[in-house]
Amino acid sequence: MVSFTKLLTMGLIAALTEASSKRGAAYNEASLVKTLTSGKSGAVSWSYNWADSVDGDMPTGVKYVPMMWGTSSVSGWTSAVKTALSKGSTHILGFNEPDMSSQADMSASSAASLYKEYITPYGDRATLISPAVTSSTTSGQGLDWFKSFMDDCSSCNVSALAVHWYGGSFADLESFMKKAISTAGDYDIDEVWLTEFALDADINGIVDMATSKTFLEKSVAWLDSHPKVGGYAYFYTANNHLLTSGSVNAVGDVYVAASSSSSTSSAKSTTTKKAASTKTKEAASTKTKTAESTKTTDAKNTTTTAKVTKTVTSTKKVTKTVTAKKAAKTA
Ligand code: BGC
């Protein structure tokens, strides 16, 4: 017979394992997160959809992280973020690739003032994550953009740096992440979130399952074990990526099979930099009158272009492939 103490210990271990997962699900369709995590309790601890509301239901144990996508997201933000926080969200994500003209496209200084007005006020209730920058090394983009942002946003209460990466190999991902971790450290930020990543070749859908499986195995192991990585989300929980025809594919299996077990993960922690709570007027949220639904649609409609543009900034060789593929799709 199993003793009560043993059962208790097993329960505690299960709870701890679950609590420590850094792995996230980046999605557009909430139902696919359920499919991805079905029977894999604890494998994914958080999710986001590049938007401010969950748009469906998350499986138990998957915490939704709202994002203020960009300037077009002002309308509706205040009520949406309050709803998310009241339903248990513990983190907030900043703008999506403000360093790219095809994405949120913001100067560091305007991003800083928007951040201060709409995100910083929640620093006493949530861990605030920076705008998510790309891995571009072009001057004024990527980590360079982040530095300018932080120079303008030193009082913004940012506790984590968010980055995106698309490239050719795990080795490149590792070297970019090390750079990001060190840059974050320069601003006294000791956590980096990788909120989009994939091989360049897979931007519009996985090209070779075996290659992507190996890449993901290595990446997940490294991300899980690095104490400065707070969270990560592969691009993304969608058909042709982690799923095929509505079912988890071989790459998706790798993503949810690996045990995400670093004890230092903070995907579920509530560590928040305690800056003086800036009392920024929420009334200002009524300023811009852009319908929330319009924003979401627009954001989604830009996807293909966005991914292609991302490729342009990273590898010219792949750009050709992606562009060719896109042309083939639309032909
Ligand atoms: C875009 C989002 C989109 C997502 C998934 C992101 O890069 O900014 O609007 O929903 O990709 O396609």
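# Briefing on a predicted single-chain model

E217 is partly exposed, with 16 other C-beta atoms within 10 Å; a residue counts as buried if 20 or more other C-beta atoms, placed from the backbone, lie within 10 Å of its own, as exposed if 12 or fewer do, and as partly exposed in between. This is a predicted model, in which local features need pLDDT of at least 70 and side-chain atom pairs count only at pLDDT 80 or more, while totals for chains, interfaces and linings use all residues. Residues are numbered from 1 along each chain as its sequence is written. The chain holds 11 helices and 10 strands; these are DSSP runs numbered from the N terminus, with helices (H or I) of at least four residues and strands (E) of at least two.

**The chain as a whole**

- Of the chain's 331 residues, 45% count as buried.
- Among contacts with a separation of 6 or more, 74% are between residues 24 or more positions apart; two residues are in contact if their C-beta atoms, placed from the backbone, lie within 7 Å.

**Around E217**

- E217 has its place in helix α7 (residues 209-225).
- From E217 to A257 the C-alpha to C-alpha distance is 9.7 Å, although the two are 40 residues apart in sequence.

**The sheet**

- An open sheet is formed by 8 strands in the order β3-β2-β1-β8-β7-β6-β5-β4, with parallel pairing; two strands pair if DSSP finds at least two bridges between them.
- The edges are β3 (63-64) and β4 (91-92), each with a single partner strand, so one side of each has no neighbour in the sheet.
- Strand β7 (residues 192-199) pairs with β8 in the parallel sense over 3 bridges, and V192 has V229 in β8 as its bridge partner.

**Strand β1**

- In strand β1 (residues 23-27), 5 of the 5 residues are buried, so the strand is largely enclosed by the rest of the structure.
- In a regular strand, side chains alternate between the two faces of the sheet.
- Both faces of β1 are covered, with R23, A25 and Y27 buried on one side and G24 and A26 buried on the other.
- β1 pairs with strand β8 (residues 229-237) in the parallel sense over 4 bridges, and Y27 stands opposite T237 in β8.
- β1 also runs parallel to strand β2 (residues 46-48), joined by 3 bridges; here G24 stands opposite W46.
- Together with helix α2 (residues 30-37), β1 and β2 make a right-handed β-α-β unit; right-handed means that, with the strands pointing away from the viewer, the path from the first strand over the helix to the second runs clockwise.

**Helices α5 and α6**

- Helix α5 (residues 142-152) and helix α6 (residues 170-186) pack at an angle of about 10°, with axes 11 Å apart; axes are lines fitted to C-alpha atoms, for helices over the stretch in contact, and angles run from 0 to 180 degrees between N-to-C directions.
- α5 and α6 are therefore roughly parallel to each other, a term for angles under 35 degrees.
- In this packing, L143, F146 and K147 of α5 meet K179, A180 and T183 of α6.
- α5 lies across β5 (127-133) and β6 (160-167), at about 135° to β5, while α6 lies across β6 and β7, at about 160° to β6.

**The nonpolar core**

- The largest nonpolar core has 87 residues; such a core is a set of buried Ala, Val, Leu, Ile, Met, Phe, Trp, Tyr and Cys residues joined through C-beta atoms within 7 Å.
- The residues with the most contacts inside this core are I92, L161, V163, V192, L194 and Y234.
- Leaving aside neighbours within four places in sequence, V163 is in contact with A132, V133, S135, A180, V192 and L194.

Notes:
Parallel < 35°, antiparallel > 145°, perpendicular 65-115°, else oblique.
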